[in-house]
Every structure is written in structure tokens, then in C-alpha cells.
Amino acid sequence: MASEESLPIDAARREIAGGDATAVDVRPEEEWSEGHVPGAIHAPDGELDADGERVEPGARLVVIAKDGQAAADAADRLSENGYDAVAVDGGMDDWISEDFNLQPTPDPDEDTELGLS
């Protein structure tokens, strides 16, 4: 059965920063590129194998999304697939409002398009 557990945003940050958990961001590509949890794995469809991301068996996964419900849904799917997954209460807006670090994703097209005639 799926896990009903969820973590407050500050506890999630501590687990991720302490190396006790891996962040999994299930937001769409556009939101991911605007900024995400440092070191997070991007799994927009909630499936870790989709883009070749590898997670150690038994690793603790902290799932973050736009909101807590989306994170809970993704964490449930991951738990059903055998992962130790937990949803983050709130979402990326809460992460940002707490002023926690973000890792931007550079857009390789952004600089090359500037200055072209």
C-alpha cells in the first residue's frame, strides 16, 4: 500500500542537505528550469526510469511538486513501485518562501539567441 507519510518543508530540507534523502521534483520542465532543489532528480511524470535517472535501491526519496497534493500522488506511485518515497508538505512555493537554496538549470539556447540578427 502507498505511504501516507509527508514531511514539513524544513524537515525535507534537512534530510536532503544531510544526505539522508534524494529530492525528486515532479514538476513540468518549464517549472523545473526556473529553479529546483539542489541535487534533485527531475521526474516530471513521477517515473524515475523515464529519463535514465538511477536511484539506489532502498534510497529515501523526498518528492516535491507545485503543491503537496501533486507530491503526495507522485510519492504514492513511487511507493507502489517499491521506493521509500515521502511527499513534501506544501510545494516549491513554500521552499522558495522559506528562502531555501535553488539550483537553476541553465538554458543553453538563452545565450545563443541573444545578439543574433
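Helices here are DSSP runs of H or I with at least four residues, strands are DSSP runs of E with at least two, and both are numbered from the N terminus. With that in hand, here's a quick tour of a predicted model, in which local features need pLDDT of at least 70, side-chain atom pairs count only at pLDDT 80 or more, and totals for chains, interfaces and linings use all residues. Residues are numbered from 1 along each chain as its sequence is written, and side-chain values use heavy atoms, with hydrogens and water left out.

**The overall layout**

- The protein has five helices and five strands, and from the N terminus on they come in the order β-α-β-α-β-β-α-β-α-α.
- Of its 117 residues, 38% count as buried; buried means under 20% relative accessible area, exposed means over 50%, and partly exposed is in between (1.4 Å probe, protein chains only).
- Take the contacts (heavy atoms within 4.5 Å) with a separation of 6 or more: 62% of them come from residues 24 or more positions apart.

**Helix 1 and what covers it**

- Helix 1 spans residues 9-17, and its buried residues are I9, A11, A12, E15 and I16.
- Looking down the axis of helix 1, those buried residues fall within an arc of 160° (taken from the directions from the helix axis to the C-beta atoms), so they line one face of the helix.
- As background, an α-helix has 3.6 residues a turn, so residues three or four places apart point the same way.
- The cover over the buried residues of helix 1 includes strand 1 (6-7), strand 2 (22-25), strand 4 (60-64), strand 5 (84-88) and helix 4 (92-97).
- Just past the end of helix 1, G19 has a positive phi of about 80°.

**E5, ahead of strand 1**

- E5 sits in the segment before strand 1, and it counts as partly exposed because its relative accessibility is 42%.
- Setting aside neighbours within four places in sequence, E5 touches R60, V86 and A87.
- E5 and D89 are 84 residues apart in sequence, yet their C-alpha atoms are 9.7 Å apart in space.

**S79, in helix 3**

- S79 belongs to helix 3 (residues 68-80) and counts as buried, with 14% relative accessibility.
- A polar atom of the S79 side chain lies 3.4 Å from the backbone oxygen of A85.

**Rings, a charge and a loop**

- A search of the whole structure turns up one aromatic pair.
- That pair is W95 and F100, arranged edge-to-face, with 5.1 Å centre to centre and 75° between the planes.
- For the cut-offs, rings of Phe, Tyr and Trp (its six-membered ring) pair if their centres lie within 6.5 Å, and planes under 30 degrees apart count as stacked, over 60 as edge-to-face and the rest as tilted.
- Both partners are buried: W95 has a relative accessible area of 3%, and F100 has 14%.
- F100 also has the charged end of R13 over its ring, 5.0 Å from the centre; that label needs NZ of Lys or CZ of Arg within 6 Å of the ring centre and within 35 degrees of the ring normal.
- D99 is in the loop between helix 4 and helix 5 (108-113), and it is exposed, with a relative accessible area of 66%.
- Phi of D99 is near 65°, a positive value in a residue other than glycine.

Technical notes
A polar contact is a pair of N or O atoms within 3.5 Å; within protein, one must be able to donate a hydrogen and the other to accept it, and residues adjacent in sequence count only if both atoms are side-chain atoms.
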